[in-house]
Amino acid sequence: MTIPRRSWRGAGALVAAAVVGLTGGVISAGPAVAHTPTWAVTCSEVTVDLTNYTSDVPNTVTVSVDGKDLLPTETFGREFHKKLALPDHDKPVTVRLVVKDADGDGKHSIDQTKTAEVCEEEPTPPPTEPAPTEPAPSQTPSTGTPEPSATPSDEPSESAPAVPAPSPSSPDLAETGSSSSTPVIGGAAVAVLLAGGGILWAVRKRRTAQG
């Protein structure tokens, strides 16, 4: 069976249309994966990730906080990745990201703002009190009966020191009362009295004889 030429032409047109359709689908899918800007803001930092940009054009990126530059304008190529620390703040601040796409008409340029809240302070844990220490148990008094002390003996102890004898060279103590020489002194006094009486009697007798 012979296929007419018109049928061949029709089949060729269908194949060409299919090829063009597939090609168009691939081409149209290309821009979907290009120019992917992502960024995030927390209470303490800003993270910027820019991918799939045109590498041979001067793309630029700028980040500011409440109108002040956090990242001055910087040029990048295909990709840009940056993490920036926010300044200390006691109230919410506005963070602005400006990306200028230098490819074509710049339809992938962005200008967005986000709010950075105040970081909550971590609560300070209360000071831990030291555990009370139990006092050491006191020593239990002894319940045993104390041993009786030795009975004192009437006899002097052999170890007691002997009373020293008076030294012959020491001076005599003052005598109190009579001593061994008292009778001698008394006898001498009697003899003196007797002698005196005899002499007085003899003198009187002589005077009587002479008169």
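## The disulfide

A disulfide joins cysteine 43 to cysteine 119, with an S to S distance of 2.0 Å, and in this predicted model it is the one disulfide that the structure holds. The pair links distant parts of the chain, 76 residues apart: cysteine 43 lies in the loop between strand S1 (36-41) and strand S2 (45-51), whereas cysteine 119 lies in the loop between strand S7 (110-116) and helix H2 (182-210).

The torsion about the S-S bond of cysteine 43 and cysteine 119 is about 100 degrees, and the disulfide is therefore right-handed.

## The nonpolar core

The largest nonpolar core has 20 residues, and those with the most contacts inside it are Val46 and Val95. Two or more residues of this core come from each of S1, S2, strand S3 (59-65), strand S4 (68-76), strand S5 (80-85), strand S6 (93-100) and S7, and it is S6 that gives the most, with four residues.

The surroundings of valine 46 can be described in some detail. When its neighbours within four places in sequence are left aside, valine 46 is in contact with Trp39, Ala40 and Val41, with Val63 and Leu70, with Lys82, Lys83, Leu84 and Leu86, and also with Val95. Val95, one of these partners, is named together with Val46 as having the most contacts inside the core.

S3 and S4, both of which give two or more residues to the core, pair in the antiparallel sense over six bridges. Within this pairing, valine 65 stands opposite lysine 68 in S4. The hairpin has two residues between the strands, and aspartate 66 takes a positive phi near 50 degrees there.

## Threonine 54 and its surroundings

Threonine 54 lies in the loop between S2 and S3, where its side chain is joined to that of aspartate 103 by a polar contact of 2.9 Å.

Conventions. Residues numbered from 1 in each chain as written. Predicted model: local features only at pLDDT ≥ 70, side-chain atom pairs only at ≥ 80, totals over all residues. Heavy atoms only, no water. Disulfide = S-S within 2.5 Å. Core = buried A, V, L, I, M, F, W, Y, C linked by side-chain atoms within 4.5 Å. Buried < 20%, exposed > 50% of the residue type's maximum accessible area, 1.4 Å probe, protein only. Contact = heavy atoms within 4.5 Å. Polar contact = N/O pair within 3.5 Å; in protein donor to acceptor, adjacent residues only side chain to side chain. Pairing = 2+ DSSP bridges.
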